[in-house]
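Reader: I would like to go through this model term by term and hear on what grounds each label is given.

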Amino acid sequence: MTELQIDRRNMLGAATLLAAGAAAASAAAQTPAAPAVSAFAPQPIAKPFDPAAVPGLSANLLNSHFDNNYTSAVTRLRAIETQIAGLDPATAPNFTLNGLKREELIAWNSMILHELYFNSLGAPTRPGAALARQIEKDFGSDARWRAQFSAMGKALGGGSGWVILNWSHRDKRLVNQWAADHTMTLAGGTPVLVLDMYEHAYAIDFGSRAAAYVDAYMAAIKWTAADAAFAKASA
Ligand SMILES: [Fe+2]
């Protein structure tokens, strides 16, 4: 073996060691410890709320909706987050990752939309001055907004979904948005007021009379939370 060959072999060995060290360092940098799972918890804003103060919707209905649907969405979201945190995305089957991320979106939006919904129920009020002005600007009048919003809810009767008064940050305007399920929200929008059109929101009191439920909801809107959401979104 020549001197040149020995030097070349040593250089290759050193290069291999350096490459292995760099790869190990890179792997360590790319696989940090999994972050702690967010501790999602039901918001205390709606429960205990006073179902007796909500005209047209019974305490039995509201409590069942809160306990069986809203709370379970939060519990489900916690469980989903735990599973995602324990998953190795490099080796997990696509259907496992897809399924968990789909369910995460469903549960997360269900939590958010239900919080908006329950926060909008109470002793009825009128929209605050700023939100009332925006509604008049974007819909022509409060009556025209109400007519469209409630008609959209009634149109979802027999199916399910949400009607969402949504603030578009892009276009600086309000829109009544249709949603067939929890996953549909206007991109770049902030929900301000929502109407739950899943049967669990009304069947106990109204059976299949979805339109009667919509009328009851429209008469029971407490706008305080919507005013706050609009002020924050449009600031
Ligand atoms: Fe619901």
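Author: What follows sets the labels of this chain against their definitions.

Reader: Before the labels, what kind of model is this, and what confidence is required of its features?

Author: This is a predicted model, in which local features need pLDDT of at least 70 and side-chain atom pairs count only at pLDDT 80 or more, while totals for chains, interfaces and linings use all residues. Residues are numbered from 1 along each chain as its sequence is written.

Reader: How many helices and strands does the chain have, and what makes a stretch count as one or the other?

Author: The chain has eight helices and three strands, where helices (H or I, at least four residues) and strands (E, at least two) are DSSP runs numbered from the N terminus. Along the sequence their pattern reads α-α-α-α-α-β-β-β-α-α-α.

Reader: What fraction of the chain counts as buried, and where is the line drawn?

Author: Of the 235 residues, 26% count as buried; a residue is buried if 20 or more other C-beta atoms, placed from the backbone, lie within 10 Å of its own, exposed if 12 or fewer, and partly exposed in between.

Reader: Why is threonine 125 called exposed?

Author: Threonine 125, in the loop between helix 3 (94-119) and helix 4, has 12 C-beta neighbours inside 10 Å and therefore counts as exposed. Leaving aside residues up to four places away in sequence, threonine 125 still touches Lys222, Trp223 and Thr224, a contact being two C-beta atoms, placed from the backbone, within 7 Å.

Reader: What makes the three strands an open sheet, and which of them are the edge strands?

Author: The strands are arranged in the order 2-1-3 with antiparallel pairing, and two strands pair if DSSP finds at least two bridges between them. Strand 1 (residues 162-168) meets that condition with strand 3 over seven bridges, and seven bridges also join strand 1 to strand 2. Strand 2 (173-179) and strand 3 (189-196) are the edge strands, since each pairs on one side only. Leucine 165 has leucine 193 as its bridge partner in strand 3 and stands opposite asparagine 176 in strand 2. Six of the seven residues of strand 1 are buried, and helix 8 lies across strand 1 and strand 3.

Reader: Why is lysine 172 called exposed, and what is particular about its phi?

Author: Lysine 172 has 10 C-beta neighbours inside 10 Å and therefore counts as exposed. Its phi is near 50 degrees, a positive value in a residue other than glycine, and it is found in the hairpin of strand 1 and strand 2, with four residues between the strands.

Reader: How do you know that the buried residues of helix 7 line one face?

Author: The buried residues of helix 7 (residues 210-218) are Ala210, Tyr213, Val214 and Tyr217. Seen down the axis, they fall within an arc of 100 degrees, so they line one face of the helix, the arc being that of the directions from the helix axis to the C-beta atoms. Their cover includes helix 5 (142-156), strand 3 and helix 6 (203-206).

Key
Axes fitted to C-alpha atoms, helices over the stretch in contact; angles between N-to-C directions.
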